Structures are given as structure tokens and as C-alpha cells.
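Subject: Structure for your files

Hello,

The structure you asked about is below, with the sequence. My notes on it follow.

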Amino acid sequence: MIEAARAARSHAHAPYSRYAVGAAVLTQSGRVYAGCNVENATYGATLCAERSAVAAMVAAGDHTPIACAVVTAGPEPGAPCGICRQVLVEFARDMKVILLAESSGGAIVAKKTTRLAKLLPSAFRLSVSR
């Protein structure tokens, strides 16, 4: 999962922020889905890496993530934005979240592990049946 997120980061389209992000979700089935951020000149149309990975998961017919890895530039790892946290909660109330920072040379310089429930303790949920 971590290597998939790192590889996805190398494909990020971030001409405005120059902040490339890669993410990957691991599902209960053992499959890994990766995504990268895709910026847009209107900013509002920008797609974060975490949501890109979730979209790949859903497009493949999977719906049960159990972990997420996010890779950003160092020196400290970046955490998912609020929208991404809410999108992840849509599929799992809680999961392991691994945050990694890479140096410009590609070495991992920092790592932090947390839980989605800690990042978004009062997540909004609607009751729906699937």
C-alpha cells in the first residue's frame, strides 16, 4: 500500500501548488487502490489523492477500505484534508491511516500512524442501506 501511494505521487498533476500527493487504500479483500492529486486552474475542481484512490476503489466494485496511506513532501507528513476525511468515513467509520513524508530524493523522512476516528472524531453520517 505504501509503495502504491509513493508511485502514485510521482504521477500527481500539481502545477499550481507544486505539492504532489499520493494515496492508496487497502481493502478487506486485500486489494490496493492508488490515486494522486489532480489540480485544476479553478481550484474547486481539484481532486485530492485520497479521493482519487477511493474513486478507483469504487470503480473497481470494492467498498471496504481498512487502511489508507498518504505520501507527501517532507519534512513532516501531511494529513488528509477535511473533505477527504469525510469521504473515507463514508466507507469506514475508522481505519488505520499512515502518513509519510518523502525528501526530494525520494527517501522517507517521517512517518506517523493514526486512526481515521481520531482525525475526524465527529464525522457526519446518514443512515442508508446499500
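Thr72 sits in strand S3. This is a predicted model, and everything below was computed from it. In the model Thr72 is buried, with a relative accessible area of 2%. Setting aside its neighbours within four places in sequence, Thr72 is in contact with Arg9, Tyr19, Ala20, Val21, Pro77, Gly78, Leu100, Ala101 and Glu102. Between Thr72 and Ala23 there are 8.9 Å from C-alpha to C-alpha, and the two are 49 residues apart in sequence.

The overall fold

The protein has four helices and five strands. Along the sequence they come in the order α-β-β-α-β-α-β-β-α. The radius of gyration is 14 Å, close to the 14 Å that the globule rule gives for 130 residues, so the protein is as compact as a globular protein of that length. The C-alpha trace spans about 45 × 30 × 30 Å along its principal axes.

Of the 130 residues, 41% are buried. Taking contacts between residues at least 6 apart in sequence, 59% join residues at least 24 apart.

Helix H2

Helix H2 covers residues 49–59, and its buried residues are Ala49, Glu50, Arg51, Ser52, Ala53, Val54 and Met57. What do the buried residues of H2 pack against? They pack against strand S1 (22–27), strand S2 (32–36), strand S3 (65–73) and helix H3 (82–91). Just after H2, Gly61 takes a positive phi of about 90°.

The loop between S2 and H2

Leu47 lies in the loop between S2 and H2. At 31% relative accessibility, Leu47 counts as partly exposed. Beyond its neighbours within four places in sequence, Leu47 is in contact with Cys36, Asn37, Val38 and Ser52. Leu47 and Asn37 are 10 residues apart in sequence, with 5.5 Å between their C-alpha atoms.

Tyr43 lies in that loop too, between S2 and H2. Tyr43 is exposed, with a relative accessible area of 54%.

Backbone geometry to check

Most residues other than glycine have a negative phi, and most peptide bonds are trans. Tyr43 has a positive phi of about 60° although it is not a glycine. Arg18 also has a positive phi, near 60°, and is likewise a residue other than glycine. Arg18 is found in the loop between helix H1 (2–9) and S1, and Arg18 is exposed at a relative accessible area of 68%.

Which two residues does a cis peptide bond join? The bond is between Gly74 and Pro75, with omega about 15°. Pro75 is found in the loop between S3 and H3.

Pro80

Pro80 is found in the loop between S3 and H3. Is Pro80 buried or exposed? Pro80 is buried, with a relative accessible area of 2%. Not counting residues up to four places away in sequence, Pro80 touches Glu50, Val70, Arg85, Leu99 and Leu119. One of these, Glu50, is among the buried residues of H2. Pro80 and Arg93 are 13 residues apart along the chain, and their C-alpha atoms are separated by 15 Å.

Cysteines

How many disulfides are there? The count comes to zero, where a disulfide would need a pair of cysteine sulfur atoms within 2.5 Å. The sulfur of Cys48 is 3.8 Å from the closest cysteine sulfur, in Cys84, which is too far for a bond. Cys84 is in no disulfide either, as its nearest cysteine sulfur, that of Cys81, is 3.7 Å away. With 1% relative accessibility, Cys84 counts as buried.

Regards

How values were computed: Residues are numbered from 1 along each chain as its sequence is written. This is a predicted model: local features need pLDDT of at least 70, side-chain atom pairs count only at pLDDT 80 or more; totals for chains, interfaces and linings use all residues. Side-chain values use heavy atoms; hydrogens and water are left out. Buried means under 20% relative accessible area, exposed over 50%, partly exposed in between (1.4 Å probe, protein chains only). Helices (H or I, at least four residues) and strands (E, at least two) are DSSP runs, numbered from the N terminus. The radius of gyration is taken over C-alpha atoms; the globule rule is 2.2 Å times the number of residues to the power 0.38. Contact means heavy atoms within 4.5 Å.
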